[in-house]
Amino acid sequence: MNLDPMECDLAVIGCGIAGMAATMFAVNRGLSTCQVGSPREIGFASGLLDLLGIHPISEAKPWHDPWAGLDALVRDVPQHPYAKLNKSDIRAAFDELLEFLKSAGLPYSRHPEYNSSIITHIGTMKTTYGVPETMWKGVEAFEQKKPCLIVDFTSLKGFNAGLIVNRLKPSWPGLCAARIDFPVNRLMAEVLPEHMANTLATPNNREQLAQLIRPHVNDVEFVGIPAVLGLYRPTDIASDISQRVGVPVFEISTMPPAITGLRLKEAFERGMGEKRAHYFPRNHVTGVKHEKTGRFKVSIGPDNVSQTVLSKGVVLATGRFIGGGLHGDRTNIRETLFDLPVYQPETRTKWHRVDFLDRRGHLINQAGLETDDHFRPLASNGRPAFETLFAAGSILAHQDWKRMKCGAGLAVATAFGAVRAFVDHFRSKNYVSK
Ligand SMILES: Cc1cc2nc3c(=O)[nH]c(=O)nc-3n(C[C@H](O)[C@H](O)[C@H](O)COP(=O)(O)OP(=O)(O)OC[C@H]3O[C@@H](n4cnc5c(N)ncnc54)[C@H](O)[C@@H]3O)c2cc1C
């Protein structure tokens, strides 16, 4: 079935953090926007918003002040995508994102000038920047080394309070652990975070949980539990349970796929619901043509239904290998939609270093699209491939977001830069929004 073509100012391809952020920036600037992609990868995200944790990766040097880290990064790696933005742009991008998430019911906290340390489900401390409000009391508890109880649940896999306490106790002596049965699902062989989150939407179940935790709260001032405090309104649920338990209860992210990533997806979709965005979730762009008129003709599947979108610009936010924006065959790495040139090691033998844990990382993790200063991917002649094609997020070259701990920050900041470049172009041509 072929549906009538739809016209819009900007088509955003990809529903990861970069695509979601690009759509938000675009609609906030009054552009009619279509977004296509499957948000499944975002479900793996921890919900933490990293800005910059490590640089240089070969020294694994951590930065408490990410803004000072950015100065060093831009000086040392001028090709890094962050180098195409001012710090004030990156701050503005974060402010706008956090405001949007707050209005969509998912508030975040942060030290605006510093990174925070957060407990992980494997008992390490992770450096990050934006922290879901439901986890923030854990940051405070750690900073002040307050007496704190970590609780886990029988039958919840991948989260062991005893392990967390054992690993962290040397630097945080006031920690202790307890294991309880999760109420309602007590007889189940395995409990899943999503089911637990749904269960805790009901006040009666929250009271049952609080009753099970209370006997373990002796002299502690905080309680940390796995991130299961509801898919919707988690801050309200955390505050309700805290009142019932008698001390602040905070969340610790679980292993992926985690409820925290699902919350981000839900919040983006909820926040976009009332704005000027046409959203094609669980769909795929099957091809894009650049017409003589300068517009892009974007074909959207699944195979049995096809929708065409005519747009003045495109933001390509299709990610790397997991997202599907890049594909590696036996010899080469390709960009999957436009067949754009991909910056990559000269030969396949250089994709990975011999030692998997090599501190310098693997060169394949720096592969991606090179762009001009306006985030326009370059063709093989070194000029922008198209006047109004922009790229954002992990598909960009010269960054290893996993090792640098800059995943969400890079996605959000480059989406901001790409949309701003399109808006500037749009205005310079005196286009009228559709
Ligand atoms: C397990 C895990 C844990 C993480 N933890 C953190 C963390 O703690 N902190 C942090 O800051 N970051 C974290 N990240 C990284 C963060 O999620 C990144 O910012 C992100 O992966 C990069 O976002 P992206 O939008 O560029 O790409 P992706 O998330 O890969 O999204 C790419 C999107 O493009 C879509 N797509 C691809 N091809 C097409 C096509 N042809 N048509 C339509 N759509 C298409 C895909 O469906 C997908 O929606 C984590 C990531 C993972 C996987």
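Predicted model: local features only at pLDDT ≥ 70, side-chain atom pairs only at ≥ 80, totals over all residues.

## Inside the model

Setting aside neighbours within four places in sequence, Y82 is in contact with L51, L70, L73, V74, I90, C406, G409, L410 and A413. Y82 also belongs to the largest nonpolar core, which has 86 residues; with F25, I90, L101, V298, L316 and F338, Y82 is among those that touch the most other members. The top contributor to this core is helix α11 (residues 407-428), with 13 residues.

As background, nonpolar side chains in soluble globular proteins tend to be buried together.

## One side of helix α7

Which residues of helix α7 (residues 203-213) are buried? They are N205, R206, L209, A210 and I213. These residues sit on the same side of α7, because they cover an arc of only 140 degrees around the axis. Among the elements covering them are β7 (148-153), β8 (175-180) and α8 (234-245).

## Charged pairs

The model has 24 salt bridges. In one of them, R295 meets E7 at 3.3 Å, N to O. R295 lies in the loop between β12 (285-290) and β13 (296-300) and E7 in strand β1 (residues 6-13), so this pair ties together parts 288 residues apart in sequence.

Another salt bridge joins R179 and D152, at 2.8 Å from N to O. R179 is in strand β8 and D152 in strand β7, 27 residues apart. R179 is partly exposed, at 48% relative accessible area, whereas D152 is buried, at 2%. Finally, shared partners join R206, E207, R214, D240 and R244 into one network of salt bridges.

Key
Residues numbered from 1 in each chain as written. Heavy atoms only, no water. Core = buried A, V, L, I, M, F, W, Y, C linked by side-chain atoms within 4.5 Å. Buried < 20%, exposed > 50% of the residue type's maximum accessible area, 1.4 Å probe, protein only. Helix = DSSP H or I, 4+ residues; strand = E, 2+ residues; numbered from the N terminus. Contact = heavy atoms within 4.5 Å. Arc of directions from axis to C-beta. Salt bridge = Lys/Arg side-chain N within 4 Å of Asp/Glu carboxyl O.
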